[in-house]
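Take a first look at the model below.

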Amino acid sequence: MPDMIAFPALSIPDTLAAGPGPGNTDARVLAAFAGAGVADHMQADVLRGMIECKQMLRSLWGTRNIHTFGVGGTGFSGLDCMLSAILPGDTVVAFTNGTFSGIDCLTIRLKAATREELRADPMNPQAASVTIVTVPHGQSVTEEMVEKALAARKPKWAFMAHWETGSGRINDLKGFSDACERHGALGLVDAVSSLGIADFSIDDYPGVHGWASCPQKGVLCLPLTYAPVSFTDRYIAEVRANGCATYVHHPVLEARHWGVIDGKDVAQPAYHRTHSGYAIAAFHEALRLTLDHGRARKARDYAFHEAALRAAVEAMGCVVTSNMTSLVVLNLPPALKGREKELVQTCRAEGFGIWPTLSEPVQVRVGILNQLGEARITEIVSRFADALNALGAGVNKEQVMAGLARHYRAALAAE
Ligand SMILES: *Cc1c(COP(=O)(O)O)cnc(C)c1O
């Protein structure tokens, strides 16, 4: 028998989450999580909370889709649920322009591969029925690209990330939806990074039939709570007709616990698995926060503060290649090229949580999730300037900070 070992209580410090996600969880969400009583997953208020979350999600996401709910877990849990309708041999055209859509494309290949294809390369199968369109890092997926690939392949399914957090690029959602409609493909979208930040309504994109997001980016809940998903009746009909090989992430079966049974809202949900009253309380508060802020207002606030951060890092000699509003993805000044990981590690060791890109090319990502205020952006800019100077960049910090202050004063004057 090995010796029994126990460690001292784990303590985790507070850091400034200035990356692509998870975001700086709001104090109200943490309080809701910690304040929930001990109650099981069928207790009346837990179930009421789930039904209210479902309804708030529909309004945040601008949809009448009945099958709109949360999948327990992270963003990839919601994506797994959405992609589970893809069966071996299904034809798919999938676009990738960065780390996350690249992983989604792997999930798609894993699901669409035949048994022989899976056996030939079990961790990374090449599925003949799947066409992967690789768009270079730093570029967006455009309507022309989608149109060309769908016209050539006429697939059953098409997939794209809305906001690709790996490269910080916004892809053309309307172009994707329109092309899907023209070619009769069922569109599937990774909306992990856009939900809760971009101002859009699902129902304006009729070519898209499946949507998946995550708890901890724009929605500002804790990681490992609930990943929002939404499916049209057309998507659900596919699952009803052909099935899918999962219990836990089944788009129809999992919806039962959220009070969606036989395609209808019901007052009495049915057990699917042991949901967490704590997670529900947190998710509920996060959705309330976002709806209080207002979707359009929140989107404007992100755009405004991202512009301030962008101008400040450009003033430090960095080149920004992203166009998302929740983070900037940048190249360091030429003299610091090759030292991206060193910079990020130094910052992280000091509790300033910025990130490198997770796939080539190496760039730096600085995010502003739930940091929508002048004081918070100023702290991020100040710490970033200090970190660059510690590597010998010779940034004129005073000038950069003065420029940032001017940005905010000019905006106030304009209001
Ligand atoms: C963060 C992210 C994911 C993965 O989410 P997890 O919560 O880490 O599982 C997937 N897609 C995109 C676009 C993301 O930004």
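Which residues are around the ligand? They are Thr74, Gly75, Phe76, Leu79, Phe100, Trp163, Thr165, Asp190, Val192, Ser193, Gln216 and Lys217, each with a heavy atom within 4 Å of the ligand. The model is predicted: local features need pLDDT of at least 70, side-chain atom pairs count only at pLDDT 80 or more, and totals for chains, interfaces and linings use all residues. Residues are numbered from 1 along each chain as its sequence is written, and side-chain values use heavy atoms, leaving out hydrogens and water.

| Residue | Distance to a ligand oxygen |
|---|---|
| Threonine 165 | 2.3 Å |
| Serine 193 | 3.5 Å |
| Glutamine 216 | 2.8 Å |

On its own, the ligand has 380 Å² of accessible area (Shrake-Rupley method, 1.4 Å probe). The protein covers 90% of that area.

Now the strand. β8 spans residues 208-212. Five of its five residues are buried (under 20% relative accessible area, 1.4 Å probe, protein chains only). Strands here are DSSP runs of E with at least two residues, and two of them pair if DSSP finds at least two bridges between them. β8 pairs with β7 (residues 186-190) in the parallel sense, over four bridges. There, leucine 188 is bridged to glycine 210 of β8. With β9 (residues 225-231), β8 pairs in the antiparallel sense over three bridges. Tryptophan 211 has serine 230 of β9 as its bridge partner.

Last, the surface. Tyrosine 271 lies in the loop between β11 (264-265) and α9 (277-293). It counts as partly exposed because its relative accessibility is 45%, between the 20% and 50% limits.

How values were computed:
Polar contact = N/O pair within 3.5 Å; in protein donor to acceptor, adjacent residues only side chain to side chain.
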